[in-house]
Amino acid sequence: MIAGSTDGKIMVRRCLLTFKPFRIFVVGIGFFSLCFLMTSLGGQFSAKRLGDSPFTIRTEVLGGVESRGVLRKISDMLEVILKRMDTLSKLDNSSNSDARRLHELSSAINRIQPAGLVERIQAIAQNVSNMANRVEQILQNSIVQGRVREGSTSQCEVPRDPRYPECPGKVDWMRARWTSDPCYAFYGVDGSDCSFLIYLSEVEWFCPPLAWRNHSSLPTQFTHHQTKASKRQAAFRTDLSVLLDQVGTGKESLSFMKRRIRRLAQQWATAANRLDAKLEQRWRDQKKILVHVGFLTEESGDVFSPKVLKGGPLGEMVQWADILTALHVLGHNLKISMSLKELQGFLGVPPGRGSCPLTGPLPFDLIYTDYHGLQQMKQHMGLSLKKHKCHIRVIDTFGTEPAYNHEEYATLHGYRTNWGYWNLDSRQYMTMFPHTPDNSFMGFVSEELNDTEKRNIQQNKVNNMAVVYGKEPSMWKLQGKEGFLQILHRYMEVHGTVYYETQRPPEVPAFVKNHGLLPQHELQQLLRKAKLFIGFGFPYEGPAPLEAIANGCIFLQPKFNPPHSSLNHEFFRGKPTSRQVSSQHPYAEQYIGKPHVITVDFNNSEEFDAAIQEIMRTKVEPYLPYEYTCEGMLERVHAYIQNQDFCAPDHPFVLANLSRQGTAGGSRRQGPVFVPLSNSTALGWALNVTAPTVWPPLSSLRLLVSQEGQSCVEACQSSGFICEPAHFHYINNKEALHALEVQCEVVDSEMNHILPAFSVTRRECGLQREPLLFSCAGHSPKYRRLCPCRDFRQGQVALCRDCL
C-alpha cells in the first residue's frame, strides 16, 4: 500500500463532505481553512476547466454567479482526487518515490491556511488544481509500470461482438476524450482500455459485460412499475405548511407563489374533502414526484422574478403555484427544485458536465418541469434522459403539436423550432387551457365565491365601470385603440392598473383612472365592482379573464381576422404549434361564451358600440367553470397521475386477438368492432367485444370522419366531442376504414401527421406507421381524416364520463 494515501483520502473526503452541500462544516485544522473560505465569502473568483485535462483550472478575480460555478468545479475535482486515491490504495510494490510524493501531497493539504481572504483564494484554487494533477501523475506512472490490480492482469482486448456493434467505436472515443468530463473519472475511468470497457459495460451499455468482473454487484435493470409491497397509499392533505417551507424564499416570484397558496388554502382543503368523498376513499398510489421549475432558475436567466412587482407576467407563476398545491394536497411525496444545483442533487447526477448517465433507478415516478428545465435535464442527465423521459411531464402554456414534437419528421418537413422535437408522447405536454387535445390539460384555479359573496357582488356592481386588461404600458400601445376607447369612455368610467414608478405612463389616456399595480386582493375588489373587463388583444390566454368572470364581470375581447398563428404573427413564431388563435382568449370565447364573454371586431366601431350597449343592459352572475375550481383541478390531476402511463411497453394492437363476450371459451370474435351509435353519426366500440384495458376506456370512443381540410380537433368539436389521441391506436386499421364505408384501392402505411386518412377522389387510404405522429391537429385539403373522438364530463373536458 502506498504510504500516505490513506491520510490524503481522509482529508479529501472530509472536504468533500463540506463542499458537497457548500456549507461550513468543521472537519479539521488545515483543510477547514479552504472549505471555510470557499463557503463563507460568497466567492470572489471564477474557474474554467480547459479541454486538455479535467483538472486544469484557471482562476481570476471576479464575483457573484461565477463563484458558485467554481465551488462546483472544485467539488468535482475533489471527487476525482478521491477516486484516484481509491485506485492508488489498491496498488502494491510502489516505489519509495511514489510513497514520498503522496506523503508530500497529504502534508500540502494540511498546510493550506487562510493567510488572507480574497487574495488567498486564487492560490487555494491553484493548490487544488495542483493536487489533482499530482495525484493523476502518480496514478499514470503506476499504470505504466503495470501495477494495476483492478480487473484482469493482462491487457484488456476490445470485444468484437455483433450484439454490441458500437463498442469498438465507443472505446476509440473514450481513448481520445475521456478527460473531457470529470464524470468518467468519477466512475473509475483512468485512461486504460480495461477501465473504458468496465465503464462502457456497467455504467453505459455499449459493450458486453466482462467475464472477469463481479456482476452480482451490478445495478439491476430498473422497472418502472412498483411492486405491490412497495406501494404506499396517498392520503389527502389539508395542511399546507410543509409545502410553504418547501417552496423556499429569496425571490419575489416565490413570495408571490406562497401568498397565492396561503390565500387559497381553505378552498383547497374544502375541495380535498369533496373529492375524497366522491372517490369513496378508494386506494390511490402515492407517487414520488420531482417538480423542477426551470424558468425560475438563475441558469435560465429568470427574467420573471424581477418583474413581479413591476407589472410583469404572472400566469406561469399562478399555474406553478397551483400545480405544487394540487400535488401536495393529493398526498404525493413531493420534492421541489428551483435551481440547477437542487436538480442535480435530487437526481443523483454524477459530477461533471452531464456526459455520463445515472447508474441507478430514477428516484422519482414523475417529474414535472418546463421547456427550460427539460433542456437543463438533457445537459446534466446525458443518456439517462432518453431512458427516463417517459416519467417527464412538461408544463407548456401554448401547446406542442405532434408534427413539431417528432425530431426527424419536424426536421424533414419544416416543423423544427427552438422548442419541440423531444420525441415525447404528445400527452406528456400539459397546457394552461384545453386548446390542444393532443396534449394533456393541466390548467390552474380561480378563486371560487360562496353564495353570500355572489349576492353581494351583484348588489354592489357599478353598471358604468370598466377595467382594462393590461398592467404594462406596452400593452396600451395598440394602434387604433383611441377609437374604441373613446366609444367606451362615452358610456363608462374607464379604470386601469398600469404599473408606474414616478410618472403616469404616457400610453394611458388622460380620461383613464389609473390605480397603478394593485395587490391581488385589491384587484379582486376592483373587479367585484366593475361591470366590464376589456382586453386589447394581448396578453394571450392568461388567467385574468377567468378571474374577472368569476367576480361577475363581462369580458369583452377582440376577434382576430385572420386568426393569429405562427405563420402570420411574431408572438407565435417559433412556438411548436400551428394553432389558429381566433381571439385574445379562445377558451373564454368557445367554452364560456355569451353572456359572460363577448368577442367582436374592435376595428368595426358600430359593432363595438353595439357590444357596449348590450353589456350595459345585461346582468350576469359570477361564473367559474368547474375545471378551474380547486376540486376540478384536483380531480383532473388525480386522474392523470393514477392512469396515464407512458413507460409501459407499447404492445401492438391486433384486432384478430379480440374476443366476443358470451361466446364459448372466449372464442375469436365475429362481427364488427365499430358499430353505429343511436342519435349520432359517430361509431362506437361494440359493447359485446372485449375491449383492451386502457385509459381513457374505449367505451368513450366516438369514431368520426372529418371533412377535407378539417382537423380532428374541429371535426370532434363540431359533433360535441373532444379529440382523444390515446384512441388513435385503436382506429388505425382497415377495420375502421371498412366500418366507415371508405372505398380503398390502395392502403399504405407511412409517417405523416395527417394519418390515418383517405382521399375520396383517388381512393387512396393511409395508416400511421409512427405512433408519435398520431395528431388531432393535422389537416390536409386533399384528405379526410379518421378521427378518434370521445365524450367528456360536464365541466371537465379533460376527462371522459367513465374516466374516474
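What covers the buried residues of helix H19? The cover includes strand S9 (465-469), strand S10 (493-496), strand S12 (532-535) and helix H23 (605-617), where contact is taken as heavy atoms within 4.5 Å. Before going further, a word on what you're looking at: this is a predicted model, in which local features need pLDDT of at least 70 and side-chain atom pairs count only at pLDDT 80 or more, while totals for chains, interfaces and linings use all residues. Residues are numbered from 1 along each chain as its sequence is written, and side-chain values use heavy atoms, with hydrogens and water left out. Helices (H or I, at least four residues) and strands (E, at least two) are DSSP runs, numbered from the N terminus.

Back to H19, which runs over residues 481-491. Its buried residues are Lys-481, Phe-484, Leu-485, Ile-487 and Leu-488. Here buried means under 20% relative accessible area, exposed means over 50%, and partly exposed is in between (1.4 Å probe, protein chains only). Look down the axis of H19 and the buried residues fall within an arc of 155°, so they line one face of the helix; the arc is that of the directions from the helix axis to the C-beta atoms.

Now for the empty spaces. Rolling a probe the size of a water molecule over the atoms shows where empty space is left. On a 1 Å grid over the protein atoms alone, a cavity is a set of points where a 1.4 Å probe fits but cannot get out, and a pocket is an open set with protein on both sides within 12 Å along at least five of seven lines; lining residues have an atom within 4 Å of a point. Grid points are joined across faces, edges and corners, and a volume is the space filled by probe spheres set on the points.

Searching the whole structure turns up two cavities of 30 Å³ or more. The largest cavity has a volume of about 230 Å³. It has 20 lining residues, and Pro-437, Asn-439, Glu-724, Arg-790 and Ala-798 are the ones nearest its centre. Strand S8 (440-441) and strand S19 (722-723) are the elements that give two or more residues to this lining. Sorted by class, the lining of the largest cavity has 12 nonpolar, five polar and three charged residues; Ala, Val, Leu, Ile, Met, Phe, Trp, Tyr, Cys and Pro count as nonpolar, Asp, Glu, Lys and Arg as charged, and the others, Gly among them, as polar.

The second largest cavity comes in at about 80 Å³. Helix H10 (252-263), helix H20 (520-529) and helix H21 (544-550) each supply at least two residues of its lining, which has three nonpolar, four polar and four charged residues. Among the lining residues are Arg-260, Gln-520 and Glu-547.

As for open spaces, the second largest pocket has a volume of about 1,200 Å³. Of its 35 lining residues, Asp-425, Arg-427, Asp-645, Ala-648 and Asp-650 lie nearest the centre. Helix H15 (384-388) and helix H26 (728-731) each give at least two residues to that lining.

A cis peptide bond joins Lys-594 and Pro-595, with omega about 5°, and Pro-595 sits in the loop between helix H22 (586-592) and strand S15 (597-600). Another cis peptide bond joins Trp-695 and Pro-696, with omega about -5°. Then there's Asp-302, which isn't a glycine but has a positive phi, near 35°; at 5% relative accessibility, Asp-302 counts as buried.

Finally, the charged pairs. The whole structure holds 22 salt bridges, each being a side-chain nitrogen of Lys or Arg within 4 Å of a carboxyl oxygen of Asp or Glu. One of them pairs Asp-172 with Arg-175 (2.8 Å, N to O). Both residues lie in helix H6 (residues 167-177), three residues apart, about one turn of the helix. An α-helix has 3.6 residues a turn, so residues three or four places apart point the same way.

Glu-541 and Arg-579 form another salt bridge, with their closest N and O atoms 2.9 Å apart. This pair links distant parts of the chain, 38 residues apart. Glu-541 is buried at 4% relative accessibility, and Arg-579 is buried at 12%. Arg-274, Lys-278, Glu-631 and Glu-635, meanwhile, are linked in a network of salt bridges.
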